[in-house]
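Take a look at the model below. The report that follows goes through it part by part.

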Amino acid sequence: MSLLFALSRHPVLRRVLEALLTLVGVSVLTFVLLRVLPGDQITANYGIEAGALSPEQLDDLRAYYGLDQPLVGQYVNWLGGVLSGNLGISSTSRQSVLDMTASALPTTLELAVLSILIGLALGVPGGLLAASRPGATRDSGSQLASLMALSLPTFLVATVVSTWLANTFGWNPNGEEFATLAEDPGLNLQQMLLPALVLGISIASPVFQTARASVLTIRDEDYIRTARAKGVPSRRLQWRHVLRNALIPIVTIGGLQFGFLLGGTLVIEQIFSIPGIGRQVLLGLNQKEYAVVQSTVLVIAVMFVLVNLATDLLYRVVDPKVRAE
Amino acid sequence: MQKSRPRALPVRSLVVGAALVTSLAATGCSGGSKASGGQADGPLVFGISADPTQTIPWLSTSTQSIQVLGQIYSTMLNTDANLQPAAGLADLPKVSDDGLTYTFTLKKDLKFGNGSALDSQDVKYTFETIMDPATKATSASYFASVKSVEAPDPQTVVVTLKAPDASFVSALSNVNTSIVPSDVPVESLTTKPVGSGPYLFESRTPNQSITLKANPGYYQGKPGLSGVQFRVIADEKAMVSALRSGAVDMAVFDNSVTAKTATAANVQVSTVDQLNFHVLQLRADAPALKDVNVRLAISCAIDRKQVLDTAALGAGKVTGPITSPAFRSDPDSRPCPTRDVAKAREHLAKAGKPGGLTINMITSQGLYSTAVNEAQNIQAQLKEVGIDVKVETLDSNAYVQRWLAGDFDTAIALNGGSTDPNTMYARYFTSTGSFNKVAGYRSASLDKLFAEGKATTDPNQRKAVYAKVSQELEDNAAWVWTYTGNLYVAANSAVKGFEPRTNGDLSTLWKATMSAS
């Protein structure tokens, strides 16, 4: 017990312990929620034809899908498999969930990276621009644009824009078979362009608001006034003093948004036929493939935890006070 | 001291960012989509809204599975343009005088895609596998009357029935009775289907596409296309965009508004009927609906045309119970051919419920596009006669569970039709039918009529029998049949030779060609 207490005092080990507990919690919650939902793999595969099956046939199928085992047994079997690298098999496609995830994850990563880059590229400069003249036209205008971007549902923007482009210019790369970056970089980037833009604009709004608020707070700090009084050139003041200190909340919001993106933006993936992690979870849910959903959700949780850890490390780079601690 | 305003960040970074986005867009505009039609003779890209969940014919239930497997596999019999049985792998059978023995003669030199011969042993193997309870085949019910299947020589198959069953032959054109090779393990067919259809399985990217290539040895003739790719596009709007941009060459919709938006200079949309029927299922076993007068009140209170117009924007036709073309029910042949609120109230009074009653209704958004609209319209119509309907909109899995358990008073449903009324309804309305608990209605007279309908192959006699079945179902308001909808087959104008058929059947896809334009 005292060892556990000592471990929990160590900053790194404490974070690892918290991460592990989070992952266990996520896996248990996912497991329970899936079982609580009505239906199972039999009804998902057979639909109403399941009613034509005899009780013996239903028992056979339950045994085949492992549904006849006690719930704890099902969970332990699955967890044991995961810990030994076996994430399960999709009974629909006969592919291992590991292979499915290995092909979906890079796609989601690519979309997440492109979206966060666009979001930051729009949100950070926009926030700085707005904060440079608070109350002026540029500030009001950009706040209005940010509010609109926040209010408009992404699925609506995505559908309208892609439909308009397809109807007006006949341009619809997302109607083609999906190409990975390695297979066909040109087609891949075209297919990622619209989804990344739509997601990037939706991310830009909270980044903009955070950047603006953060800069406005920092600007009025004593050390900024001192630096200005000491004659620090304006450009250096902006980059080294204002922006650098304003980065911490921006890093936080950026990290959070990136984590959400890694969870798979389901609606965007469906609209643009992007075979990412979100779509994999949805298909697993529709087909009641417990292994697919549980294992994929666990992978998403692991990535979210890793992104949080990376964000914490980034604080150390950005904020000397955290380094000192 | 005047406070100097901090200068805004240089806009150069913004310009660089904008340039990056612009260059991506410029790359985009330089290509990435077909203007129209694609290459001569394909491959044709067929858009489907979901990945096929089943790849073994006898397990296929989803529309997408049937669409894909229907190109890979062949059936013993086909149907003609009027949905009548026609020769397939075998000629139409010779039937013995007592109606118990069906002798099929297979065509000569039939082959599977892996080069092995398709003969009577493969047919025997397929049928016996379907009939084996351990297979849990969804098409097992079609073979319920079959006693044995014999293969006396490579070209002859003899099916012996336990009792005459005139509906048996109609099932042999269904994709879920397709013939599979007897020398390929079933498990292997799951990942690499081997059939004798017009197109052979080439590759599959799960949840993305299934690619087929032409089968040069197809028994009906050389397919018109070099191949077919079934591409998964889950979103309907995205499917329309793909059609209009030429990325997808064909798709089938069930929504008239979507079909309208798909119509363009390079996309033609054909409207076809469906055998599937929309219905408000009433469960006569439910306490609230035990009295036939309550059910008749519901039947009289509903204007079917209004349901059709509201839910499906009028795209379809009002229907009676039987939608099989040769036996189609007269939708006006029922106690209240038009909505009759007074009559409905009269029936409620006879049932001892002059003030009305409360019933529940299950529906599901996930199953098909008009389900919830139908429920809401019927709820509003029944309210006018004092029947309070509690609508429960369920997730599709929850709906299926409740439906199978018969855990409802009424249910909005879209049920499968068939070319044969026995196949459509025996399992619902005979006392031993597998879905009779769900249907909730049975009678000695219906049992007798269904037995009569199976026992004779005389079309006129069968027509008379099923007319009586239809009448009894309507007179007792077993269910409230509303309408059959339309399906819309959208195709690029470069696609020629395809004949759209009822139910969006793709059996003529092998004849299609595609010209470059």
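## Two residues with positive phi

In this predicted model, Asn207(B) sits in the loop that links β8 (199-205) and β9 (209-214) of chain B. Its phi is positive, about 65 degrees, although Asn207(B) is not a glycine. Is Asn207(B) buried or exposed? Asn207(B) is buried, because 24 other C-beta atoms lie within 10 Å, and the cut-off for buried is 20 or more.

Ser273(A) is not a glycine, yet it has a positive phi of about 55 degrees. Ser273(A) is found in the loop between α12 and α13 of chain A. Ser273(A) counts as buried because it has 25 C-beta neighbours inside 10 Å.

## Chain A as a whole

Chain A has 15 helices and zero strands. Its C-alpha trace spans about 85 × 70 × 35 Å along the principal axes. Chain A has 325 residues, and buried residues make up 42% of them.

Now consider contacts in chain A between residues at least 6 apart in sequence. Of these, 72% join residues at least 24 apart.

## A pair of helices

Two packed helices are described by the angle between their axes and the distance between the axes. Take helix α6 (residues 97-132) and helix α11 (residues 234-262), both of chain A. Their axes come within 9 Å and cross at roughly 150 degrees. The angle is over 145 degrees, so α6(A) is roughly antiparallel to α11(A). The crossing of α6(A) and α11(A) is right-handed.

Which residues make the contact? From α6(A) come Thr108(A), Ala112(A), Ser115(A), Ile116(A), Gly119(A), Leu120(A) and Val124(A). From α11(A) come Ile250(A), Gly254(A), Gln257(A), Phe258(A), Leu261(A) and Leu262(A). By class, the contact of α6(A) with α11(A) has eight nonpolar residues, five polar and no charged.

## Nonpolar cores

The largest nonpolar core holds 144 residues. Which of them touch the most other members? They are Val207(A), Leu44(B), Leu243(B), Ala251(B) and Ala490(B). Leaving out residues up to four places away in sequence, Val207(A) touches Gly119(A), Leu120(A), Gly123(A), Val124(A), Gly127(A), Ile250(A), Ile253(A) and Gly254(A).

A second, separate core has 70 residues. Among them are Val294(B), Ala311(B), Ala477(B) and Tyr483(B).

## Where chain A meets chain B

How many residues of chain A are in contact with chain B? There are 62, and they are in contact with 52 residues of chain B. Several elements of chain A give two or more residues to this side. They are α3 (41-46), α4 (55-64), α6, α8 (154-169), α9 (185-219), α11, α12 (266-271) and α13 (277-286).

The side of chain A that touches chain B has 27 nonpolar residues. It also has 26 polar and nine charged residues.

## A loop residue in chain A

Thr180(A) lies in the loop between α8 and α9 of chain A. Thr180(A) counts as partly exposed because it has 15 C-beta neighbours inside 10 Å. That number falls between the cut-offs: 12 or fewer for exposed, 20 or more for buried.

What does Thr180(A) touch, not counting residues up to four places away in sequence? It touches Thr107(A) and Asn188(A). Met192(A) is twelve residues from Thr180(A) along the chain. The C-alpha atoms of Thr180(A) and Met192(A) are separated by 10.0 Å.

Methods. Residues numbered from 1 in each chain as written. Chains lettered and ligands numbered in written order. Predicted model: local features only at pLDDT ≥ 70, side-chain atom pairs only at ≥ 80, totals over all residues. Axes fitted to C-alpha atoms, helices over the stretch in contact; angles between N-to-C directions. Helix = DSSP H or I, 4+ residues; strand = E, 2+ residues; numbered from the N terminus. Parallel < 35°, antiparallel > 145°, perpendicular 65-115°, else oblique. Left-handed = near helix turned anticlockwise from the far one by under 90°. Contact = placed C-beta atoms within 7 Å. Nonpolar A, V, L, I, M, F, W, Y, C, P; charged D, E, K, R; others polar. Core = buried A, V, L, I, M, F, W, Y, C linked by C-beta atoms within 7 Å.
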